[in-house]
Each structure stands twice: as structure tokens, then as C-alpha cells.
Amino acid sequence: MRLPLAYSLLLGVIALHVVVCPYTKVEESFNLQAIHDLLYHQTNLSQYDHLEFPGVVPRTFIGPLVVAALSAPLVGVGHLLGATKFASQYIVRCVLGWTVGVAFVAFCAAIRREYCPKVALATTIVTASQFHLLFYMSRPLPNVFALCLVLCALSCWLLDNDKGFIWSSAAAILIFRCELAAFLGLFLLLKFHQGSLGIRRAVTIAIPAGLASLLSTIAIDSLFWRRWLWPEGEVFRFNVVENKSAEWGTNPFLWYFYSALPRMLLGAIPLAVVGLVRDGRVRRLCLPAVVFVFLYSFLPHKELRFVIYTVPIFNVVAARGLVHLWASIRTTRSPSIKSLACVCLVIGSIAASLVALLFNVSASAYNYPGGVAFSQLHDHISLHGLLTRKMASIHIGVLAAQTGVSRFGEILPLKYRKTERSISDIEFASQFDYLMCEASDQFPADRFTILFAVDGFDGGVRLGDNLLPKLSFRPKVVVLQRL
């Protein structure tokens with residue numbers, strides 16, 4: 001397989017994830033709603049979603065601004081062709097995914113120059129066979145916006161482009177994720193240790209890069225939030241200084257090492273071991289990633305996406321191992337135990353990742369019952385000609401809002417209201433024509449009837465009648481219609 005074809009495959013897999021899982025969850029809500037508002041409300045800030053639902057901490061608008069600007073021409077063409085507003089959500093997510101994907105291609109190009117074309121190709125193959133990295137690339141998360149800049153910074157680091165590395169790092173740290181100071185700072189320390197970059201030159205580059213990034217986010221985000229602020233500074237204070245992120249759950253210290261990274265890397269782990277043994281250059285590349293994960297483990301609140309920046313590094317190490325094993329197989333003239341072991345390791349590693357990829361894609365397709373219910377409710381309303389009821393209103397419950405409902409799915413003249421208030425309150429519930437609630441919620445049965453329920457993945461796996469594993473589902477979101 002040639003590199004251009006491999007890159008096309010990678011971008012195609014990103015688009016496939018968007019098609020299979022077009023909806024988003026609560027962590028992605030701010031950025032997705034911000035992109036919607038920039039596209040549809042533009043300068044009318046009073047209509048922006050974040051003013052009504054600001055979230056726990058403020059987030060930057062710079063990422064949504066870039067995605068909205070890149071998506072606007074395609075969204076405009078879609079509207080001219082009669083596409084629905086929800087089609088715009090596919091567009092903006094593909095634009096985001098492909099933007100990060102292009103940054104990954106640039107990273108592979110730097111790997112090609114630093115190592116060889118075979119390692120770059122193997123990196124693409126290993127990545128395409130995994131689930132999490134390509135799945136997250138189209139997710140409008142602060143970590144994903146930061147990942148794009150991290151890939152640019154790592155590319156510049158490999159190519160000895162000191163100015164590009166420091167500018168990309170400053171933007172990633174000060175605009176999107178402050179904890180990347182530890183990750184990218186370790187690569188900067190390696191530069192100092194190798195003597196390829198002096199402290200004085202680093203400071204002369206870092207000062208204007210830092211000031212430009214900081215002033216940009218303060219100026220732009222203060223405008224949108226209607227007060228002076230540095231969003232990522234407030235996030236850093238909330239998560240690290242005050243350690244309030246622990247209120248969203250904690251995990252053991254080594255969770256990243258025994259749970260998150262193994263799930264993300266899967267079959268790449270044995271290949272990475274071979275790569276570490278065979279090539280000292282990848283050990284140098286891998287060291288900052290391992291140290292960063294160790295340092296980040298001190299924060300009790302842990303999520304897989306917090307260390308996703310390390311996956312491309314580990315995949316390069318695995319790719320180096322894959323190239324070595326493949327060379328051993330090709331140079332062996334007659335079958336031997338060693339050559340058979342190499343074949344089994346290569347095939348088994350890639351196959352394990354592909355099996356996990358199929359499983360995770362299937363499970364993820366059922367992880368957004370709120371988005372599915374929202375779409376099916378609109379289909380029901382349109383099918384029965386109920387859009388003429390201008391006062392028709394929909395209550396969006398907590399679970400539905402957290403699992404896929406977005407402004408891209410709204411249709412005029414329907415009215416929508418998101419609130420955490422219980423629908424067991426008859427007077428409150430009776431204000432609405434439709435209720436989207438959790439399956440376990442109590443509702444006034446004398447006022448509402450169940451229109452339909454949407455199943456979701458409950459995290460379990462069982463054996464089917466043919467003894468093959470099957471995903472386990474249960475009703476998650478119920479849509480009620482007023483009698």
C-alpha cells in the first residue's frame with residue numbers, strides 16, 4: 001500500500017465514524033452548540049446557547065470559530081441543495097475530523113523523513129486499525145482542538161523547526177489545554193539536553209508566541225462571554241489548583257496504564273515492545289509520553305481523552321516494531337519458529353485491533369439514545385403534519401441532552417426547553433406537548449402516553465443463540481406525547 005492511499009484510508013475511516021455516530025455527548029456540547037450559533041446566529045450573540053447554559057467553566061471560542069469558518073461554504077451549498085440543518089452537523093464534524101487528520105498526515109510526513117517511508121506507512125496502518133484516536137478526531141472536544149496543534153508541534157519537533165514547535169505548543173497550551181505544558185515541555189527539555197536548541201533562543205521565540213496566544217484568547221473570548229477572562233486559565237484553576245474535577249469521579253493512580261492506554265493501543269502494545277527493543281530513537285520519542293502519563297496520573301479525575309495526545313507517539317513505536325518484524329519475515333529464506341512467531345505477532349496484533357474496532361463502533365452507535373430519540377420525534381411530527389401546530393413544545397430531559405440532542409437537530413416552529421426539573425410535577429409537565437425523559441423516570445400517566453422508547457448500550461456483552469458475543473441493550477430514553 002502506498003502512503004497516499006493509506007492517508008486516504010485514514011480520512012475515510014474518520015468520515016465513517018461520523019456517519020455511524022453523528023451525535024455528540026455532553027462533554028462536546030459547548031463546542032458543537034458554539035459552532036451552530038456561529039453559523040446560524042453569527043453576530044446576534046443574544047441567541048447563543050452558552051449564555052443560557054454556560055457550563056461549569058468557560059471554554060474558548062477559537063476552536064469553534066475555525067471550524068465554523070471552514071464549514072461555512074459547505075453548509076451554504078448544502079442549504080442551496082435543500083439539505084436539512086442536521087446535515088450541517090455531519091459537515092462540521094467531518095471538517096473537524098479531516099483537519100485533525102491532515103495534521104496527523106503532516107506528522108506521518110515528519111516520521112517519514114526522520115525514520116523511513118515504511119515506518120510512516122506502518123504508523124498509518126496501525127492507527128487506522130484502532131478505534132479511539134480516529135473516533136475522537138471528529139469530536140468537538142477541547143482535547144481534540146489541542147490534538148491538532150500537538151500533532152503540528154510534534155511534526156516541527158521532528159523536523160527541527162524550533163519556531164514552529166514553540167508557536168504550536170504555546171497555542172495548544174494557552175488556548176486549549178494547560179496541562180500540555182507538561183507534555184510538550186518534556187519535548188522542549190529533550191531539545192535542551194541534545195543541545196539542538198539553546199535556552200536563550202527558546203525564550204526569544206516563546207515570549208511573542210505566548211503573548212500572541214494569550215492575548216488572542218482573552219480578546220476573542222471576552223467578547224463572546226461578555227466579561228474579561230482567560231478561559232483555559234479558569235479551567236486550569238478549577239481542575240488542577242482547586243481539584244474540583246474530582247467531583248466527576250476518580251480512578252486509581254495507575255488507571256491510565258492498566259485501562260486507558262491498553263484500550264486505546266490494543267494490538268499495538270506487543271509491536272511497541274519490539275520497537276522499543278530494536279530502535280533507540282523511538283525510545284527517545286516515547287520517553288516524554290510515558291513521563292506525561294505518569295505525571296498526569298496524580299490528578300484523581302481521569303478520562304481516556306486526557307492522554308490521547310500520547311497515542312500517535314506510541315503508534316510510531318509500534319510501527320517501528322512492525323517494520324522490523326516484517327523485514328524479519330521477508331528475509332527468512334525457509335520457515336522457522338522465529339519467522340512463524342513474527343507472522344503470528346503481526347497478524348494477531350492487527351487482527352486484535354480490528355476486532356476491537358468493530359466492537360467499539362457497534363457499541364458507540366448505540367451510545368447516543370438522546371440524539372436518536374430527537375431525530376425520531378421530528379420524523380413523527382413531520383410524518384403526521386404536526387409542524388403546523390406553531391405552539392408545539394418539547395421538553396428535553398437530562399439524559400437526552402447529554403446523549404445527542406443539539407441545536408443542529410432543532411426544527412422551526414417547534415419550541416424546545418432543556419431543564420433538570422422533574423416531569424413528575426404534573427403542572428410543569430403539562431406545559432409541553434412532548435417529553436423526552438429517562439426510561440426510569442416517573443411521569444403523569446393520565447396526561448401522557450408513551451410514543452416510543454430508544455434502546456442504548458448498557459455496557460454488557462452476552463452470548464447469542466449461535467454462541468457468538470452480542471451487545472446488551474436496554475431502553476434509555478422514552479418520548480411521551482400529551483393526551
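Let me begin with a definition: a residue is called buried when its relative accessible area is under 20%, exposed when that area is over 50%, and partly exposed in between, using a 1.4 Å probe and protein chains only. The structure is a predicted model, in which local features need pLDDT of at least 70, side-chain atom pairs count only at pLDDT 80 or more, and totals for chains, interfaces and linings use all residues. Residues are numbered from 1 along each chain as its sequence is written, and side-chain values use heavy atoms, with hydrogens and water left out.

I start with helix α9. Helices here are DSSP runs of H or I with at least four residues, strands are runs of E with at least two, and both are numbered from the N terminus. Of the 15 residues of α9, 13 are buried, so this helix is largely enclosed by the rest of the structure. For α9, residues 162-176, that gives 21 Å, and the end C-alpha atoms are 21 Å apart, which agrees.

Next, the packing of helices. Two packed helices are described by the angle between their axes and the distance between the axes. The axes are lines fitted to C-alpha atoms, for helices over the stretch in contact, and the angles run from 0 to 180 degrees between N-to-C directions. For α9 and α11 the angle is about 35 degrees and the axes are 8 Å apart. The residues that make this contact include D162, I166, W167, A170 and L174 of α9, and R201, I205, A209, S213 and T217 of α11. Contact, throughout, means heavy atoms within 4.5 Å. By class, the residues of the α9 contact with α11 divide into 13 nonpolar, 3 polar and 3 charged. In this scheme Ala, Val, Leu, Ile, Met, Phe, Trp, Tyr, Cys and Pro count as nonpolar, Asp, Glu, Lys and Arg as charged, and the others, Gly among them, as polar.

The second pair is α10, residues 180-194, with α15, residues 280-296; the angle is about 140 degrees and the axes are 9 Å apart. That angle makes α10 oblique to α15. The convention is that angles under 35 degrees are roughly parallel, over 145 roughly antiparallel, 65 to 115 roughly perpendicular, and the rest oblique. On the α10 side the contact involves A182, F183, L186, F187, L190 and Q194, and these meet R284, L285, P288, A289, V291 and F292 in α15. The class count for α10 with α15 is 10 nonpolar, 1 polar and 1 charged.

Helix α15 also meets α14. Their axes come within 6 Å and cross at roughly 115 degrees. Here G275, L276, V277 and R278 of α14 meet G280, V282, R283 and C286 of α15. This contact has 4 nonpolar, 2 polar and 2 charged residues.

I turn to backbone angles. Most residues other than glycine have a negative phi, and most peptide bonds are trans. Which way, positive or negative, does phi of R226 go? Its value is near 65 degrees, which is positive, in a residue other than glycine. R226 lies in the loop between α11 (199-225) and α12 (231-241), and at 54% relative accessibility it counts as exposed. L266 also has a positive phi, of about 50 degrees, although it is not a glycine. This residue lies in the loop between α13 (255-265) and α14 (268-278) and is partly exposed, at 29%. Within α13 itself, W255, Y256, S259, A260, L261, M264 and L265 are buried.

R93 is in helix α5, residues 85-114, and is buried, with a relative accessible area of 1%. Leaving aside neighbours within four places in sequence, R93 is in contact with V18, C21, P22, Y23, T24, S138 and R139. F253 sits in the loop between α12 and α13 and counts as partly exposed at 31%. With the same exclusion of neighbours within four places, F253 contacts F294, S297, F298 and K302. L451 is in strand β4, residues 448-463, and is partly exposed, with a relative accessible area of 24%. Not counting residues up to four places away in sequence, L451 touches L377, H380, Y434, V479, L480 and Q481.

Conventions: Expected span 1.5 Å × (residues − 1).
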